[in-house]
Amino acid sequence: MKLKDRLNDLLSEDELNLLVRAYDVVGDIAIIIIPPELEKKEKIIGDTILEIRKNIKVVAKRHGNYGGEFRTIPLKIIAGENRKETEYKEHGVRFFLNPEKVYFSVRSSNERKRLASCVKPGEDVLIMFSGIGVFPLVIAKNSPAREIVGIEKNQVAHAYAMKSLKSNKKIKNVTFFEGDVVAIMPTLSRKFDRIAMPLPKTGEMYLELALSCLKKGGWLHFYDFQKEGAFNDSIEKIKIACQKTSRALIQSKVLISGHSAPKTYRICVDAHIS
Ligand SMILES: C[S@@+](CC[C@H](N)C(=O)[O-])C[C@H]1O[C@@H](n2cnc3c(N)ncnc32)[C@H](O)[C@@H]1O
């Protein structure tokens with residue numbers, strides 16, 4: 001039964017209209033947006049989610065927006081067990097995380113699978129800004145990559161990535177580094193066939209750094225937030241970085257991987273670079 005249907009007798013029509021239809025589920029934690037007008041009813045809403053989704057053990061509400069150095073979001077538990085850590089499975093991989101202490105979006109799951117499907121046999125792949133390691137581990141499990149490296153500066157996210165790597169015993173070709181990409185990438189002294197930059201908005205600051213570690217003929221996956229009709233601006237950012245580093249864009253295509261605001265999308269530019 002849908003949440004709104006179940007709440008029919010408990011909330012007024014106006015209150016039901018305020019309730020957002022969808023909520024995210026990360027492992028056994030449901031994460032919901034409660035508008036201020038519904039705060040007094042949040043316990044009823046949380047308990048109802050627990051009733052209709054038996055696999056959910058914790059209901060938390062967003063208590064702010066994504067922000068800060070690590071792009072995290074404050075959460076407040078409104079029903080269920082008093083914990084924020086969970087275990088989550090995606091594309092055959094087990095992950096551990098506390099969604100308040102690390103950035104994580106279940107909504108990018110299809111995009112992670114898509115990226116894995118781009119990887120060709122024997123490729124070395126670098127994931128800058130790897131968070132809890134979800135891109136590297138999904139690619140390791142679902143592609144013929146030779147080696148995958150992830151770099152993340154949030155110590156907590158890195159620790160979860162290491163824990164998940166250990167628990168997925170069959171995955172042997174992933175290495176995680178904790179630290180800033182600016183400090184870590186030059187020390188790797190190597191180049192990659194494919195580099196992904198899943199840090200929309202501020203990621204463009206690191207385009208030249210990414211190109212310095214990309215092999216000739218390699219692929220760059222550059223994520224950006226972009227308004228409808230302005231997708232070429234994101235391609236332009238790559239072209240400018242190419243000019244500055246004496247590289248060239250051979251071809252590119254833009255894929256929409258989510259929404260960030262009305263008429264604004266989270267896009268990925270797949271760029272082939274010589
Ligand atoms: C939008 S999140 C993406 C995380 C992960 N790739 C995912 O999709 O779940 C961006 C991540 O980049 C990390 N980050 C931001 N700037 C960084 C930098 N200069 N070096 C390393 N990590 C960075 C943040 O801590 C955050 O975990």
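Biologist: How many of the six residues of strand β10 (residues 192-197) are buried?
Modeller: In this predicted model, strand β10 is largely enclosed by the rest of the structure. That follows from the burial count, because a residue counts as buried under 20% relative accessible area. For β10 the count is six of the six residues.

Biologist: Which residue of β10 stands opposite Leu-126?
Modeller: Strand β7 (residues 124-128) and β10 run parallel and are joined by three bridges. Within this pairing, the residue of β10 opposite Leu-126 is Ile-195.

Biologist: Which residue of β11 is the bridge partner of Arg-194?
Modeller: Strand β10 is joined to strand β11 (residues 214-227) by five bridges, and the two run parallel. In β11, the partner of Arg-194 is Trp-219.

Biologist: Which helix joins β10 and β11 in a β-α-β unit, and what is the handedness of that unit?
Modeller: The two strands run parallel. The helix of the unit is α8 (residues 207-212). Together with β10 and β11, α8 makes a unit that is right-handed.

Biologist: In what order do the seven strands of the open sheet lie, and which are the edge strands?
Modeller: The pairing in this sheet is mixed, and the order is β9-β8-β7-β10-β11-β13-β12. Neighbouring strands are turned by 15° against each other on average, direction ignored. Pairing on one side only marks the edge strands, which are β9 (174-178) and β12 (249-261).

Biologist: Which residue of β13 stands opposite Ala-261?
Modeller: Strand β12 and strand β13 (residues 264-273) run antiparallel, with 10 bridges between them. Opposite Ala-261, the residue in β13 is Thr-264.

Biologist: At about what angle to β9 does helix α6 (residues 155-167) run?
Modeller: Two helices can be described against this strand. Helix α5 (residues 134-142) lies across β7, β8 (147-152), β9 and β11, and runs at about 170° to β9. Helix α6 lies across β8 and β9, and its angle to β9 is about 160°.

Biologist: Which residues of α5 are buried?
Modeller: Helix α5 is mostly covered, with seven of its nine residues buried. The buried residues are Val-134, Phe-135, Pro-136, Leu-137, Val-138, Ile-139 and Ala-140.

Biologist: Which residues come nearest to the ligand, and what is the distance from an oxygen atom of the ligand to an N or O atom in the side chain of Glu-152?
Modeller: There are 16 residues around the ligand, of which Phe-129, Glu-152, Lys-153, Asp-180 and Val-181 come nearest. A polar backbone atom of Phe-129 is 2.8 Å from a nitrogen atom of the ligand. For Lys-153, a backbone N or O atom lies 3.2 Å from a ligand nitrogen atom. The distance for the side chain of Glu-152, to an oxygen atom of the ligand, is 2.6 Å.

Biologist: Is Ser-105 buried or exposed?
Modeller: Ser-105 is placed in the loop between β6 (93-97) and α4 (109-118). A polar atom of its side chain lies 3.2 Å from the backbone nitrogen of Arg-107. The relative accessibility of Ser-105 is 12%, so this residue counts as buried.

Biologist: Why is one side of β1 (24-26) and of β4 (75-80) left without a neighbour in the sheet?
Modeller: The four strands form an open sheet with mixed pairing, in the order β1-β2-β3-β4. Strands β1 and β4 stand at its edges, so one side of each is left without a neighbour, the reason being a single partner strand for each.

Biologist: With which residue does the side chain of Glu-87 make a polar contact of 2.6 Å?
Modeller: Glu-87 is found in strand β5 (residues 86-90), and at 34% relative accessibility it counts as partly exposed. Leaving aside neighbours within four places in sequence, Glu-87 is in contact with Gly-27, Asp-28, Arg-94, Phe-95 and Phe-96. The polar contact of 2.6 Å joins the side chain of Glu-87 to that of Arg-94.

Note on methods. Residues are numbered from 1 along each chain as its sequence is written. This is a predicted model: local features need pLDDT of at least 70, side-chain atom pairs count only at pLDDT 80 or more; totals for chains, interfaces and linings use all residues. Side-chain values use heavy atoms; hydrogens and water are left out. Buried means under 20% relative accessible area, exposed over 50%, partly exposed in between (1.4 Å probe, protein chains only). Two strands pair if DSSP finds at least two bridges between them. A crossover is right-handed if, with the strands pointing away from the viewer, the path from the first strand over the helix to the second runs clockwise. Axes are lines fitted to C-alpha atoms, for helices over the stretch in contact, and angles run from 0 to 180 degrees between N-to-C directions. Contact means heavy atoms within 4.5 Å. A residue is near a molecule or strand if one of its heavy atoms lies within 4 Å of it. A polar contact is a pair of N or O atoms within 3.5 Å; within protein, one must be able to donate a hydrogen and the other to accept it, and residues adjacent in sequence count only if both atoms are side-chain atoms.
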